[in-house]
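Dear colleague,

Here is the structure I promised to pass on to you. Please keep it open while you read the notes that follow.

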Amino acid sequence: MTHLVTTQWKKNVQFESDNPSGKTVLIDLGADNGGKGDGLRPKALMLTALAGCSGVDITPMLEKMKVEIDDFKIVIEGHLTEEHPKYYHLVTVDYHFYGTDLNEVKIKRAVDLSVDKYCGVMEMFRRFADVKVRSHYHNN
């Protein structure tokens with residue numbers, strides 16, 4: 001299987017990139033780097049892809065396990081190297097689950113399956129970064 005993405009220059013350092021889904025995303029830099037800040041930053045977009053990849057693994061698994069949650073968010077912090085080319089050398093992934101009487105055993109199983117088996121973006125990150133994963137349970 002392959003994916004085809006086309007990224008079109010708009011102006012300055014702004015680009016519009018499509019996706020196999022047909023949706024587009026605007027990419028831009030901040031004013032400190034010659035942009036207007038109107039789009040997502042390229043490196044941070046990688047962190048977004050990581051969260052999205054893992055999230056779309058976990059939510060269907062929880063549904064299949066009949067685990068009810070009220071809310072769920074993934075907070076990712078990427079630490080860049082000092083030298084160019086700068087890349088993420090340390091990444092922390094914090095999963096936050098909200099609900100009443102959360103089934104932590106089943107939630108942990110879903111997170112572990114995503115992290116260790118299903119999330120291809122997670123595997124790509126592990127090729128160049130130390131990835132730390134934590135789960136947080138917020139019971140009402």
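A residue is called buried if its relative accessible area is under 20%, exposed if over 50%, and partly exposed in between, with a 1.4 Å probe and protein chains only. Because S114 has 0% relative accessibility, it counts as buried. The model is predicted, so to speak of local features a pLDDT of at least 70 is needed and side-chain atom pairs count only at pLDDT 80 or more, while totals for chains, interfaces and linings use all residues. Residues are numbered from 1 along each chain as its sequence is written, and side-chain values use heavy atoms, with hydrogens and water left out.

S114 lies in helix α2 (residues 104-118), where a helix is a DSSP run of H or I with at least four residues, numbered from the N terminus. The side chain of S114 is joined to that of S54 by a polar contact of 2.8 Å, that is, a pair of N or O atoms within 3.5 Å, of which, within protein, one must be able to donate a hydrogen and the other to accept it, and residues adjacent in sequence count only if both atoms are side-chain atoms. Leaving aside neighbours within four places in sequence, S114 is in contact (heavy atoms within 4.5 Å) with S54, D57, I58, M61 and C119.

Between the two helices, residues of α1 including S54 and L62 meet residues of α2, among them K106 and S114. The axes of α1 (residues 42-64) and α2, which are lines fitted to C-alpha atoms over the stretch in contact, with angles from 0 to 180 degrees between N-to-C directions, come within 9 Å and cross at roughly 140°.

Best wishes
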